[in-house]
Amino acid sequence: MTDEENCNTSTNRSLLDVLDARLSRRNALRVSLGGAGAAVLSACGGGSDAAAVADAGPASAAARHGSTPLRLSFEAVAKSTADRMTVPAGYTATVMYALGDPLDDATPEFRNDGTDTGFETRAGDHHDGMEFYGLHPSGKRPDPSGTKRGILAINHEALTDQFLHPAGTTPNPRPVPEADKEIPAHGLSFVEVRKKGRGFEYVRGSAYNRRVTPLTPMRIHGPARGSALMKTKYSAGGTDCRGTINNCGTGTTPWGTFLTGEENWAGYFTRSATDNTARGGSTAKSVVSLNRVGRPQGAASRHGWETAGTDDRFARWNISQVGASADGTDDYRNELNTFGWIVEADPYDGTQALRKRTALGRFAHESAAFGIPVAGRPLAVYMGDDSRGEYIYKFVSEARWNAGDANAANRITTGDKYLDAGKLYVAQFSEDGSGRWIELTIANPAIAGFAAYRFADQADVLVNARLAADAVGATKMDRPEWCAVHPGTGEVYYTLTNNSNRKVEPSGSSQMAVDPANPRSYADAPSTSAGNVNGHIVRMKESGGDGAATVFTWDIYLFGAESGADPAKVNLSSLTADQDFSSPDGLWFSPRTGTVFIQTDDGAYTDVTNCMMLLGRPGQVGDGAPQVLQYAKADGSMVSVRTHVGAKPTPDTLRRFLVGPVDCEITGICETPDGRAIFVNIQHPGESISRATVTDPASYLSHWPGNAGYGAGGATARPRSATIVITRDDGGRIGVDGGHDDDRGGDRGGHRS
């Protein structure tokens, strides 16, 4: 998903200006077992034969596989611009759950012609982050090691709204039937899946199936619960709210619940052109806050739902101050503050109210990745803020991990214990490859005395986490997207998708200079505007391997680039044609095999290939070497940027595994606990459509998955976001050897669907 317009105009220094006293670099890394029962083993190193292997069961990988490390065992899939999905030979990819599929027996089959209604009981649109929760073979109780039945928890981030209506969307004022269709097409799906042959199918009519939408009642938890900033017409006490929206990345807690991040939520709301005056002028606190999250006065909403009528379900999308109350309990001036959080849900129990976890801070959340749980130690949760020039965060729980909570009787209230109290930190990177975590607390004088915004209390700090991060001088990054924790080393990886505002010579408050952690700015034809076009992946090693540490070391695991790009300034990772990629977005480690999956959301390389997924065996922080990039300024002087480049990948450590259909994003991935099936989401194929051409199938860029034989429409079908399942034809583990007695891998080209 494209980030919202850059709204970080802080003057935080670039890394070239942040020359703090050198922080100690500690090479020792403690890897401990967590209460979730993960056996964590040695990490793989760069291009060496060492490998990281983790398993959901208690046995060690050495016992299962001997001393032979796992290796990538498939032939790289070629780049493609065809309207189909390609996986390696020896693998089968099957469409399983697509936009509009009915969750219960009472909902009609999806016609896919724009006339369908009832999305409260259908699959939503724009499938994104996803997690698998195992079920006992009987289907009657949870089983974290279950491989034949499970529940998929799926985000539905946004809409290709033109395809939801017969002739596209009606301009404002929006008709009630159109708004009532679009709103519930957002949110979450919980859907049971079960093994069928080599693959899986979703179980229509399962008692576990449900939708969560932007209208679902939820509870506000943590320090901002009851805050004056959370009071609305819906909840005068500031304790409750409705719904979740623009859900992107996900996470799984050690106690078995689902976390989902609210990303580009601000764009769904409108403000009147005179709202600043109503709020007390351009320097009023609420105005500063709204500007910082991208809602200046006069901002239009993405879908215009507030124009559909005066009913409360539409009025809430107008956040202008229109009421007479002093506290906002007679309008929705504070409604925006109830979005932008990590939300927790119990996938097994639909009777439990979802929680918005305010202790984890409010920003454009992607995923939430837990560090390796260690009994008796706090839990760490890593998060990124997906917008140009935004920040990397982590939360450290006040409570210390009790391994018995992995099997808690009440999962959602266990979340209260670990996620409602703790410390929120933001990252600052230094040019020498070190960094520090800065706590965002009202006790910090830099926050308490911040001239640009006067924080009232800790709830205010969390609601306005971006402003607090500005105050302490956090490092502006190139759109921090998904994060993931290596199950063996505990090192933390962040995708930095791209940044058109990263410049050698910044001009204007929205641009930022190249620096060691974001070192590239270059043009990529046909565009002549320089920026970080292809993105990169940064990784961080906590001091002592401790998630509660306040210092870390870092390097850049991979730089996205075309294989033929300049190796001195662009293709710093020396990617080949079997590895090159652009705009890394989704990122996930297999707990079973320790391999990393990298998914792309790209607009810069799509003249050569559709979006893709790669599979790799990463090394460790520090396995590469520093490299200096030289840039010429307009006046002829030079700028030198010293960065830290990870070990160059080899064919044995990184290969392209999947290429999707036209105009899609590859996003969301999870697996069965045995590692023999993975689930992947194909988001918004053929999204580039207009109202003028939506009734002409010949104008569609994609017809997938109808053209692959799934659902109504066939070769001329309207495209649909969908969840696919990928398995190996020999029953082995995905992507690696050693997974089956007859494991022969797949080295014979590609299988398409």
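The protein has nine helices and 38 strands, both taken as DSSP runs numbered from the N terminus (H or I of at least four residues for helices, E of at least two for strands). The model is a predicted one, in which local features need pLDDT of at least 70 and side-chain atom pairs count only at pLDDT 80 or more, while totals for chains, interfaces and linings use all residues. Residues are numbered from 1 along each chain as its sequence is written, and side-chain values use heavy atoms, with hydrogens and water left out.

Of the 753 residues in the protein, 63% are buried; here buried means under 20% relative accessible area, exposed over 50%, and partly exposed in between (1.4 Å probe, protein chains only). The protein exposes about 24300 Å², and carbon and sulfur atoms supply 50% of this area, as computed by the Shrake-Rupley method with a 1.4 Å probe, where for residues only the protein chains shown count as cover. Among contacts (heavy atoms within 4.5 Å) with a separation of 6 or more, 68% come from residues 24 or more positions apart.

We can turn next to the interior. In soluble globular proteins, nonpolar side chains tend to be buried together. A nonpolar core is defined as a set of buried Ala, Val, Leu, Ile, Met, Phe, Trp, Tyr and Cys residues joined through side-chain atoms within 4.5 Å. The largest one holds 45 residues, of which Leu152, Phe657, Phe679, Ile724 and Ile726 touch the most other members. Strand S4 (residues 91–98) gives the most to this core, with six residues. Beyond four places in sequence, isoleucine 726 touches a set of residues including Val87, Tyr91, Phe657, Ile678, Val680 and Ile734. A second, separate core has 37 residues, among them Ala359, Phe370, Ala471 and Val472.

The C-alpha atoms of aspartate 729 and tyrosine 91 are separated by 5.4 Å, although the two are 638 residues apart along the chain. Aspartate 729 counts as partly exposed because its relative accessibility is 42%.

Several loops carry backbone features worth a look. The peptide bond from asparagine 172 to proline 173 is cis, with omega near 0 degrees, and proline 173 lies in the loop between strand S6 (149–156) and helix H2 (176–182). Another cis peptide bond runs from tryptophan 704 to proline 705, with omega near 5 degrees; proline 705 is in the loop between strand S36 (677–683) and S37. Arginine 479, not a glycine, has a positive phi of about 60 degrees and is placed between strand S22 (477–478) and strand S23 (480–485). With a relative accessibility of 4%, arginine 479 counts as buried. Serine 583 has a positive phi of about 60 degrees as well, in the loop between strand S28 (551–559) and strand S29 (584–589), and counts as buried at 1% relative accessibility.

Finally, the second largest pocket contains about 700 Å³ of space. On a 1 Å grid over the protein atoms alone, a pocket is an open set of points where a 1.4 Å probe fits, with protein on both sides within 12 Å along at least five of seven lines, and lining residues have an atom within 4 Å of a point. Its volume is the space filled by probe spheres set on the points, which are joined across faces, edges and corners. The lining of this pocket has 34 residues, with Asn498, Asp601, Asp602, Gly603 and Ala604 nearest the centre. These lining residues divide into nine nonpolar, 15 polar and 10 charged, where Ala, Val, Leu, Ile, Met, Phe, Trp, Tyr, Cys and Pro count as nonpolar, Asp, Glu, Lys and Arg as charged, and the others, Gly among them, as polar.
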